[in-house]
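Subject: Structure handover

Hello,

Here is the structure I said I would pass on. Please open it alongside this note.

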Amino acid sequence: AVVSTQSGHYGRGKELDEFHYTSATSGPAEFDEVAVTIEQAKVVLVFVTGSFVERLSGANFEDSVKKEFHHAVAVRTAANMIPVILDGLLVSKGSWGSDLEQQLGNQPCSEEWANADVDDDKCKSIVSNIITLALTTPAIKKKKVPTATLR
């Protein structure tokens with residue numbers, strides 16, 4: 001899954017104006033739409049699940065997961081991508097598989113959702129921490145006033 005940041009306002013302690021989820025299970029006709037979203041993004045969050053790792057590591061080069069991930073790396077660069085680990089078995093970056101580990105293995109990541117019982121307060125805290133990570137990416141740091149919304 002890809003979540004990207006676009007125009008709007010965000011920052012530590014502020015609520016998200018908008019949240020848009022782009023599924024990596026989109027079909028070939030929808031790839032162009034997802035690609036545009038990635039290209040307009042400042043930061044891309046990569047939700048790391050067992051299924052995502054399996055598909056990204058698979059042999060099917062037409063798989064939308066693989067295409068969207070590699071497009072995000074090419075357009076946004078790994079420095080502007082944040083892994084958000086959703087599966088406790090994938091907290092160790094060594095279990096990610098070659099492409100994901102090679103591209104994002106050195107990036108700061110959020111693993112708070114991996115083994116947590118998430119209630120509303122914990123969810124807000126996790127989102128706040130992810131926004132803090134996003135503020136450290138080169139695409140956001142070079143702006144004097146960060147202006148984006150998780151998209």
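Below is what turned up, taken element by element.

One caveat first: this is a predicted model.

**Helices α2 and α3**

Start with the helix pair. Helix α2 covers residues 50–57 and helix α3 covers residues 64–76. Their axes come within 8 Å and cross at roughly 85°. Angles of 65 to 115 degrees count as roughly perpendicular, so α2 and α3 fall in that class.

Which residues make the contact? From α2 they are F52, R55, L56 and S57. From α3 they are S64, V65, K66, F69 and H70. By type, the contact of α2 with α3 splits into four nonpolar, three polar and two charged residues.

**The aromatic pair**

I had the whole structure searched for aromatic pairs, and one was found. The partners are F52 and F69. Their ring centres are 6.2 Å apart, with 75° between the planes. The geometry is edge-to-face. F52 sits in helix α2 and F69 in helix α3, so the pair ties together parts that are 17 residues apart in sequence. Are these two residues buried or exposed? Both F52 and F69 are buried.

**Strands β2 and β3**

Next, the strands. β2 spans residues 44–48 and pairs with β3. The pairing is parallel and runs over five bridges.

β3 itself takes in residues 81–85 and is mostly covered. Five of its five residues are buried. Which way do they point? M81, P83 and I85 point one way from the strand. I82 and V84 point the other way. Residues on both sides are buried.

**P108**

Last, a loop residue. P108 lies between α4 (98–104) and α5 (120–135). Its relative accessibility is 43%. Buried needs under 20% and exposed over 50%, so P108 counts as partly exposed.

What does P108 touch? Leaving out residues up to four places away in sequence, its contacts are I82, P83 and L133. I82 and P83 point opposite ways from β3, and P108 touches both. P108 and T136 are also worth a look: they are 28 residues apart in sequence, while their C-alpha atoms are 9.6 Å apart in space.

That is the list. Send questions back whenever you like.

Best wishes

Note on methods
Residues are numbered from 1 along each chain as its sequence is written. This is a predicted model: local features need pLDDT of at least 70, side-chain atom pairs count only at pLDDT 80 or more; totals for chains, interfaces and linings use all residues. Side-chain values use heavy atoms; hydrogens and water are left out. Axes are lines fitted to C-alpha atoms, for helices over the stretch in contact, and angles run from 0 to 180 degrees between N-to-C directions. Helices (H or I, at least four residues) and strands (E, at least two) are DSSP runs, numbered from the N terminus. Angles under 35 degrees count as roughly parallel, over 145 as roughly antiparallel, 65 to 115 as roughly perpendicular and the rest as oblique. Contact means heavy atoms within 4.5 Å. Ala, Val, Leu, Ile, Met, Phe, Trp, Tyr, Cys and Pro count as nonpolar, Asp, Glu, Lys and Arg as charged, and the others, Gly among them, as polar. Buried means under 20% relative accessible area, exposed over 50%, partly exposed in between (1.4 Å probe, protein chains only). Two strands pair if DSSP finds at least two bridges between them. Rings of Phe, Tyr and Trp (its six-membered ring) pair if their centres lie within 6.5 Å; planes under 30 degrees apart count as stacked, over 60 as edge-to-face and the rest as tilted.
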